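Subject: Structure handover, with notes on salt bridges

Hello,

Here is the structure I said I would pass on. My notes follow below it.

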Amino acid sequence: MRKKEFNKSKIKVLFVCLGNICRSPMAEFIFKDIVNKEGLSDKFVIKSAATSYEEIGNDIHYGARDKLIQKNIPFCKRKATRITPNDYNNYDFIIGMDDSNIINIERIVGDDRDNKISKLLDYSDNPRDIADPWYTGDFETTYNDIIEGCNCFIKYLKDKNYI
Ligand code: 4NP
């Protein structure tokens, strides 16, 4: 990540997955909840996007929605969008969920010339992919992995003195 003065500007975070209806909106709402509880909401812009066209315009998957309700994470109605080449300039952190997301993100935005692209669980002590509940049906495991990743990501930002 290019050295940046985040005290002068908001930290812009884009969570990315394949469809933008399960993992990346869960990460968006979970991370928003974490920063809100820490009183840091005004320091961030937090959004999510897909790499595929499959679900564009669709709201969050009912399995992801039910998991957020069960865990008391606030969320709102939304429409899936696809990442654009210009998002690379607009965001500071572009965070995928698995290795194939990273490959697809780089296909769309080009080389990671400013080192902005990472995988959510790269921030944890146990880097790994976050399984796609669209295929596994296991929203609990995905939720726990995203919580771990988001908590490690905010710790990383604090350790770097970005917030
Ligand atoms: P997500 O899950 O990438 O976590 O949002 C998926 C949702 C939809 C599809 C694939 C993955 N799909 O092929 O439509």
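Asp 129 is partly exposed, because its relative accessibility of 35% falls between the 20% and 50% limits. Please keep in mind that this is a predicted model.

Asp 129 is a partner in a salt bridge with Lys 119, where the closest N and O atoms are 2.7 Å apart. Lys 119 belongs to strand E4, while Asp 129 is in the loop between E4 and helix H5 (133-136), so this pair ties together parts that are ten residues apart in sequence.

Lys 119 also has a salt bridge with Asp 99, at 2.9 Å from N to O. Asp 99 has a relative accessible area of 44% and is partly exposed. Lys 119, in contrast, is buried, because its 9% is under the 20% limit. To put the two bridges together: Lys 119 pairs with Asp 99 and with Asp 129.

Which side chain does the side chain of Ser 118 meet in a polar contact? The partner is Tyr 123, at 2.7 Å. Leaving aside residues up to four places away in sequence, Ser 118 touches Ile 94, Ile 95, Gly 96, Ile 102 and Tyr 123.

Elsewhere, Arg 65 and Asp 66 form a salt bridge through their side chains, with an N to O distance of 3.2 Å. Both ends are partly exposed: Arg 65 has a relative accessibility of 33%, and Asp 66 has 38%.

There is also a network of salt bridges that links Arg 23, Asp 98 and Asp 132. In total, the model has 15 salt bridges; the ones described above are among them.

Regards

Conventions. Residues numbered from 1 in each chain as written. Predicted model: local features only at pLDDT ≥ 70, side-chain atom pairs only at ≥ 80, totals over all residues. Heavy atoms only, no water. Salt bridge = Lys/Arg side-chain N within 4 Å of Asp/Glu carboxyl O. Buried < 20%, exposed > 50% of the residue type's maximum accessible area, 1.4 Å probe, protein only. Helix = DSSP H or I, 4+ residues; strand = E, 2+ residues; numbered from the N terminus. Polar contact = N/O pair within 3.5 Å; in protein donor to acceptor, adjacent residues only side chain to side chain. Contact = heavy atoms within 4.5 Å.
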